[in-house]
Amino acid sequence: MDTVATLSLSLSEEEVFELIGYEQPATQVKRMRELGFWLTWRHLKSGRCIVPRAHYLAVCAGARPQESTAPADAPRPKVKPPSWQPRVKRDANALPATQPSAKGGAKP
């Protein structure tokens with residue numbers, strides 16, 4: 001029977017510790033980002049440092065983040081504020097609005 005080594009999608013806790021040398025996940029995330037591994041975060045439930053393996057391999061191979069396809073001097077789109085105002089219809093048969101009394105009860 002052939003044994004195939006399977007790799008997880010993210011680096012294990014041991015791999016991150018070997019790379020950084022810190023045990024605290026917050027410090028691991030901070031140090032990984034300082035080293036250029038910007039796609040690193042803490043898991044919400046377990047709190048451990050998550051580094052996607054594909055990102056780790058790409059950064060180690062010298063890949064750079066993709067540049068935006070829009071030129072830097074491209075004009076930004078202008079957003080117009082809405083020109084309409086909401087209408088509030090009052091029903092003539094509706095009860096008047098109640099106001100709280102000084103003792104906390106509502107007065108009609």
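Tutor: Let's begin with a term: two residues are in contact when they have heavy atoms within 4.5 Å of each other. Please keep in mind that this is a predicted model, where local features need pLDDT of at least 70 and side-chain atom pairs count only at pLDDT 80 or more, while totals for chains, interfaces and linings use all residues. Residues are numbered from 1 along each chain as its sequence is written, and side-chain values use heavy atoms, with hydrogens and water left out.

Student: Which residues does S10 touch, not counting residues up to four places away in sequence?

Tutor: S10 touches R48, I50, V51, P52 and R53. S10 itself sits in the segment before helix 1. Helices here are DSSP runs of H or I with at least four residues, strands are runs of E with at least two, and both are numbered from the N terminus.

Student: What makes S10 count as buried?

Tutor: Buried means under 20% relative accessible area, exposed means over 50%, and partly exposed lies in between (1.4 Å probe, protein chains only). S10 has 14% relative accessibility, so S10 counts as buried.

Student: Why is the link between the side chains of S10 and R48 called a polar contact?

Tutor: A polar contact is a pair of N or O atoms within 3.5 Å; within protein, one must be able to donate a hydrogen and the other to accept it, and residues adjacent in sequence count only if both atoms are side-chain atoms. The side chains of S10 and R48 are joined at 3.5 Å, so the pair falls within the limit.

Student: What makes the meeting of the R53 and E15 side chains a salt bridge?

Tutor: The term asks for a side-chain nitrogen of Lys or Arg within 4 Å of a carboxyl oxygen of Asp or Glu. For R53 and E15 the N to O value is 3.0 Å, so the pair qualifies. R53 lies in helix 3 and E15 in helix 1, so the bridge ties together parts that are 38 residues apart in sequence. R53 is buried, with a relative accessible area of 13%, whereas E15 is partly exposed at 28%.

Student: How many salt bridges does a search of the whole structure find?

Tutor: The search finds two. Besides R53 and E15, the side chains of R31 and E34 meet at 3.2 Å, N to O. R31 and E34 both lie in helix 2, three residues apart, about one turn of the helix. An α-helix has 3.6 residues a turn, so residues three or four places apart point the same way.

Student: How do you know that the buried residues of helix 2 line one face of the helix?

Tutor: The buried residues of helix 2 (residues 25-34) are Q28, V29 and M32. Seen down the helix axis, they fall within an arc of 100°, so they line one face. That arc is taken from the directions between the helix axis and the C-beta atoms. The face turned away from the buried side of helix 2 carries the exposed residues K30 and E34. The cover over the buried residues of helix 2 includes helix 1 (13-20), strand 1 (41-42) and strand 2 (49-50).

Student: Why is the aromatic pair F37 and Y56 called stacked?

Tutor: Rings of Phe, Tyr and Trp (its six-membered ring) pair if their centres lie within 6.5 Å; planes under 30 degrees apart count as stacked, over 60 as edge-to-face and the rest as tilted. The count comes to one aromatic pair. The rings of F37 and Y56 have centres 5.5 Å apart and planes at 20°, so the pair is stacked. The pair links distant parts of the chain, with F37 in the loop between helix 2 and strand 1 and Y56 in helix 3 (residues 53-60), 19 residues apart. F37 is buried at 8% relative accessible area, and Y56 is buried at 18%.

Student: Which residues make up the largest nonpolar core?

Tutor: A nonpolar core is a set of buried Ala, Val, Leu, Ile, Met, Phe, Trp, Tyr and Cys residues joined through side-chain atoms within 4.5 Å. The largest one has nine residues in all: L11, V16, I20, V29, M32, F37, C49, V51 and Y56. Helix 1 and helix 2 each supply at least two residues of this core.
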